[in-house]
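These are my notebook entries on a structure that I had not looked at before. I went through it topic by topic and wrote down what I looked up.

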Amino acid sequence: TYITQNREALAETQKRIDETRQLIEQKKEEIVFLEDKIHNRKDVMKSRLVALQEDEKLNVAINVILESKSVADLIQRASAVTTLFNADNDIIKDQENDLRQIEENVKVIAEQEEQLAVEQEKLAKHQSELDLNLQKRQESLTVMQQKYSQVNQEMAGIQAQLQAAQEKVRQEQEAARAIAAANAPAPAATPTPTGTTGREKFVT
């Protein structure tokens, strides 16, 4: 039926809305997590920038070369400086990657919110259709109940008329029997047999 279809469409749309909201919340949580990481890296980068301002990378490299006591010491110092510089590069790369991920998450959230708006419009439409169908069904039920009540009233009237007709027939039959009884002829009197008086004569 239309009502069942409306309810199924309504449930399916509500399910998609819940999933979209869940995805949006997940992306928002990821953004908060990434922002915390970026904030923490900013402190590290700030400390390193302060150190580099006091002793620029070029001066650090020169100092490493000048202060090395041997070739082996030079290689070891140069490796340490390279590791330090690479660490700075890794931090910058991680920072860039996290910022890029935040931008992607923001884009996903925007797309999902647009989709959410579309699904909410569908939900409102399905709800409106369901309400309309329920209203129509209720109106049909009301009409049927009215017709049923009307039929019951008509049946009650017919039953009353039938009973009245039966009662009238019964009364007419009783009246007819009474008239017939009144007009019936009286039964004839039965003659009384007469007996002989005196002595009976016998012939010999």
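**Entry 1**

I began with E167, which at 32% relative accessibility counts as partly exposed (buried is under 20% relative accessible area, exposed over 50%, and partly exposed in between, with a 1.4 Å probe and protein chains only). I then noted that R170 is partly exposed too, with a relative accessible area of 37%. E167 and R170 form a salt bridge, and their closest N and O atoms are 2.3 Å apart (a salt bridge is a side-chain nitrogen of Lys or Arg within 4 Å of a carboxyl oxygen of Asp or Glu). Both residues lie in helix α3, three residues apart, which is about one turn of the helix (helices, H or I of at least four residues, and strands, E of at least two, are DSSP runs numbered from the N terminus).

**Entry 2: what I am looking at**

I reminded myself that this is a predicted model, in which local features need pLDDT of at least 70 and side-chain atom pairs count only at pLDDT 80 or more, while totals for chains, interfaces and linings use all residues. Residues are numbered from 1 along each chain as its sequence is written, and side-chain values use heavy atoms, with hydrogens and water left out.

I looked up the confidence next: the chain averages a pLDDT of 75, and 68% of the residues score at least 70 (pLDDT is the predictor's confidence in each residue, from 0 to 100). Confidence is lowest in helix α2 (residues 57-67), with a mean of 56, and highest in α3, at 80.

For the overall layout, I found three helices and zero strands in the chain, and the pattern read along the sequence is α-α-α. Of the 204 residues in the chain, 15% are buried. I also recorded that residues 24 or more positions apart account for 87% of the contacts with a separation of 6 or more (contact means heavy atoms within 4.5 Å).

**Entry 3: the other salt bridges I followed**

How many salt bridges does a search of the whole structure find? The search finds six, and I followed some of them residue by residue.

E12 forms a salt bridge with R16, with the closest N and O atoms 3.9 Å apart. The two are four residues apart in helix α1 (residues 2-54), so they are separated by about one helical turn. E12 is partly exposed at 39% relative accessibility, and R16 is partly exposed at 28%.

The side chain of R16 also meets that of E119 in a salt bridge, at 3.1 Å from N to O. This pair links distant parts of the chain, with R16 in helix α1 and E119 in helix α3, 103 residues apart. Is E119 buried or exposed? I found E119 buried, with a relative accessible area of 4%. Taken together, E12, R16 and E119 are linked in a network of salt bridges.

**Entry 4: the nonpolar core**

I wanted to know which residues make up the largest nonpolar core, and I found twelve, among them I3, L10, I17, I24, I109, L116 and L130 (such a core is a set of buried Ala, Val, Leu, Ile, Met, Phe, Trp, Tyr and Cys residues joined through side-chain atoms within 4.5 Å). Helices α1 and α3 each supply at least two residues of this core, and α1 gives the most, with seven. Looking at I24 on its own, and leaving aside neighbours within four places in sequence, I saw that I24 is in contact with I109, Q112, E113 and L116.

**Entry 5: K37 and its contacts**

K37 has its place in helix α1, and K37 is partly exposed, with a relative accessible area of 30%. Not counting residues up to four places away in sequence, K37 touches Q95 and D98. The C-alpha atoms of K37 and Q95 are separated by 8.3 Å, although the two residues are 58 residues apart along the chain.

**Entry 6: M155**

My last entry concerns M155, which lies in helix α3 (residues 71-183). M155 is exposed, with a relative accessible area of 51%.
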